[in-house]
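Morning, everyone. I have one structure to walk through today. Please look at the sequence and the model first.

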Amino acid sequence: MQLQNVLSQSISQALQALFSISADADKIALQPTRKEFAGTYTFVTFPYTKQAGKGPEQIGEAIGAYLKENTAAVRDFNVVKGFLNLEIEQGEWLRLFRNLMQDENYGQAEPSGKNVMVEYSSPNTNKPLHLGHLRNNFLGYAMSEILKANGHEVMKVNLVNDRGIHICKSMLAYEKFGEGETPESSGIKGDHLVGKYYVLFDKAYKTQIEELVALGMDKEEAKKKAPLMLEAQDMLLKWEQNDPAVVALWEKMNSWVYAGFEETYRNIGVDFDKYYYESQTYMLGKSRVEEGLQKEVFFKKPDGSVWVDLTGEGLDEKLLLRADGTSVYITQDLGTAELKYGDFPYDQSVYVVADEQNYHFQVLQAALKKLGKPYATGIYHLSYGMVDLPSGKMKSREGTVVDADELVQEMVDTARQQTEELGKIEGFTPEQANELYHTLAMGALKYFLLRVDPKKRMLFNPQESIDFRGNTGPFIQYSHARISAILRKAAEMGITLDVGAFDTMEHLHETEQEVIIQLVNYPAVVKEAGNLFAPSIIANYAYELAKAYNRFYQEVSIFNETDEQARAFRIALSAMVARFIRHSMRLLGIDVPERM
């Protein structure tokens with residue numbers, strides 16, 4: 001049993017024995033003790049003053065004395081106002097360390113029986129992935145791995161926005177200006193090539209608007225009446241009517257985009273168990289709209305458009321189907337939710353989508369509840385903030401969108417430059433060096449985007465992200481490489497990792513205890529990250545573990561230690577730190593090198 005659980009149970013027993021307060025051990029939370037006070041875990045007593053009829057300090061003193069008397073793990077305690085700080089016996093840390101050393105699955109929860117579907121990436125087939133997509137992909141992948149570590153059965157899915165007016169804009173521009181260009185003939189990656197025509201449409205469309213405005217038309221009217229827009233809308237109607245020529249062009253251009261996306265996904269190290277396509281879900285969505293009309297939970301306006309009234313839910317009226325019968329985003333989301341549930345009866349369906357769509361997911365859940373769908377309550381929107389760049393730091397297409405492929409390549413180039421300057425590639429073949437640059441680049445990029453709470457808007461600084469010092473991916477990766485070198489040296493010396501080699505050891509250096517505390521806390525960290533949908537908790541755990549180990553490495557000798565038990569323990573401690581860095585970084589989708 002984890003130490004926190006033992007302490008929570010003991011506190012629960014103390015509350016009952018001392019104050020006749022019945023408190024569920026699962027509800028008793030322990031916090032890390034603040035650095036300025038002695039102790040490892042802190043219990044807050046303020047919530048129990050009314051029931052106990054005592055002041056918070058009195059409660060703390062009484063519980064502390066009870067634990068010291070009745071719980072072998074508690075060595076001492078101190079009370080600061082309403083905070084009971086618990087100090088743990090060193091022997092308990094060593095016992096816990098021996099246990100986790102022998103438990104290969106430490107930090108992996110038992111199967112929970114819960115099914116969770118995580119939808120992320122959700123690209124449009126009219127342009128390549130950009131910086132915002134990177135945060136989305138990394139969040140979705142990391143959250144999937146963290147939920148698996150929490151014992152859940154997880155399915156990773158990608159809903160591709162492959163239909164709609166924006167897709168027709170690229171298609172129409174290609175039809176008019178493409179002259180048969182292909183990814184092969186142009187040497188341009190497929191998603192970039194299609195994106196090129198989306199930009200061309202926009203430029204030509206804006207020119208037409210300006211021409212109409214110059215002739216005296218109102219700008220808003222000009223946007224609707226511009227010939228290119230009318231042609232794009234006509235193309236969308238033809239697509240929905242299954243026009244053979246339009247569908248053939250759509251299939252050809254989408255195939256180019258999918259090949260480009262797959263290359264990017266491989267390069268950034270994310271994958272999916274299943275793909276869904278809006279072109280295959282919007283008709284089912286229309287059926288759900290029809291169902292809502294029959295159940296009289298949706299209504300039709302005089303122009304023929306279909307709406308849902310959510311004013312009773314604190315929202316407003318929401319369009320579900322246009323007057324011309326064409327679907328909107330929510331239409332296909334109603335269909336996709338049903339398809340997903342049919343494929344994988346989920347307890348929870350997580351949508352990783354930017355915070356601009358907070359309202360959209362409130363509407364989706366409310367509409368599904370009105371339809372009486374059993375899966376409505378399981379919808380969870382993992383909302384995240386936008387990513388900004390310091391101006392001038394990174395090239396951007398059109399001055400606004402930072403292309404994902406370009407950004408990844410610039411990160412690899414920066415990793416190469418930094419690594420060569422620091423001389424960390426001695427003895428590497430060119431292939432090994434290139435692999436290291438890519439590993440460092442992706443570690444820097446993923447870690448920097450994941451270390452911030454998802455809900456926060458963030459500033460991505462490429463140069464800062466790849467620093468080998470501070471709270472960065474490369475710092476953690478370098479720490480792992482350093483430990484790997486120590487373990488190779490230990491193996492050459494014939495030192496084996498065996499708990500029996502330090503079974504009578506009793507005393508720990510302060511830095512050794514700090515490292516063990518970090519290791520022991522790992523399952524609780526994984527659980528918290530899963531409960532709060534926050535990969536940032538795992539990222540900051542990996543950093544704190546690497547930082548604690550580096551302090552230990554600076555203050556305590558390993559190979560010059562004359563006490564064989566202490567030396568064997570320190571090598572075992574190093575090995576466990578390497579293992580937990582690997583595990584925690586793997587949850588974030590980050591590889592750690594064996595050498596640098």
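Accessible areas here come from the Shrake-Rupley method with a 1.4 Å probe. On that basis, the protein chain has an accessible surface of about 26900 Å². Carbon and sulfur atoms account for 47% of that surface. Keep in mind that this is a predicted model.

Now the overall picture. The protein chain has 596 residues, and 55% of them are buried. Its secondary structure consists of 22 helices and 14 strands. Along the principal axes, the C-alpha atoms fill a box of roughly 85 × 65 × 40 Å.

On to contacts. Take those in the protein chain between residues at least 6 apart in sequence. Of these, 73% join residues at least 24 apart.

Charges next. The protein chain carries 64 positive and 83 negative charges. How far apart are their mean positions? The answer is 2 Å.

Now the aromatic rings. A pair of rings is described by the distance of the centres and the angle of the planes. The pairs here number 28.

One of them is Tyr351 with Phe361. The centres are 4.8 Å apart and the planes make 45 degrees, a tilted pair. Which elements does this pair tie together? Tyr351 belongs to strand 11, residues 348-354, and Phe361 to helix 14, residues 358-370. So the pair joins parts 10 residues apart in sequence. Are these two residues buried or exposed? The cut-off for buried is under 20% relative accessible area. Tyr351 is at 2%, so it counts as buried. Phe361 is at 6%, so Phe361 is buried as well.

The next pair is Phe475 with Tyr543. Their ring centres lie 5.8 Å apart, with the planes at 65 degrees. Why is this pair called edge-to-face? Because planes over 60 degrees apart count as edge-to-face, and here the angle is 65 degrees. Phe475 sits in helix 18, residues 473-492, and Tyr543 in helix 21, residues 535-555. The pair therefore links parts 68 residues apart in sequence. Both Phe475 and Tyr543 are buried.

There is also a cluster. Ring pairs connect Tyr120, Tyr258, Phe261, Tyr265, Phe272, Tyr275 and Tyr277.

Rings meet charges too. Back to Tyr351: the charged end of Lys340 sits over its ring, 4.0 Å from the centre. Likewise, the charged end of Lys301 sits over the ring of Trp307, 3.8 Å from the centre.

Ser20 lies in the loop between helix 1 (3-19) and strand 1 (31-32). Exposed means over 50%. Ser20 has 61% relative accessibility, so it counts as exposed.

Buried or exposed? Ser122 is buried, because its relative accessible area is 18% and the cut-off is under 20%.

Last stop, Glu221. This residue is found in helix 9, residues 219-225. Its relative accessibility is 30%, so Glu221 counts as partly exposed. Glu221 and Ile209 are 12 residues apart in sequence. In space, their C-alpha atoms are 9.0 Å apart.

That is my tour. Over to you.

How values were computed:
Residues are numbered from 1 along each chain as its sequence is written. This is a predicted model: local features need pLDDT of at least 70, side-chain atom pairs count only at pLDDT 80 or more; totals for chains, interfaces and linings use all residues. Side-chain values use heavy atoms; hydrogens and water are left out. Rings of Phe, Tyr and Trp (its six-membered ring) pair if their centres lie within 6.5 Å; planes under 30 degrees apart count as stacked, over 60 as edge-to-face and the rest as tilted. Helices (H or I, at least four residues) and strands (E, at least two) are DSSP runs, numbered from the N terminus. Buried means under 20% relative accessible area, exposed over 50%, partly exposed in between (1.4 Å probe, protein chains only). A charge sits over a ring if NZ of Lys or CZ of Arg is within 6 Å of the ring centre and within 35 degrees of the ring normal. Contact means heavy atoms within 4.5 Å. Lys and Arg count as positive and Asp and Glu as negative; His and the chain ends are not counted. The place of a charge is taken as NZ of Lys, CZ of Arg, CG of Asp or CD of Glu.
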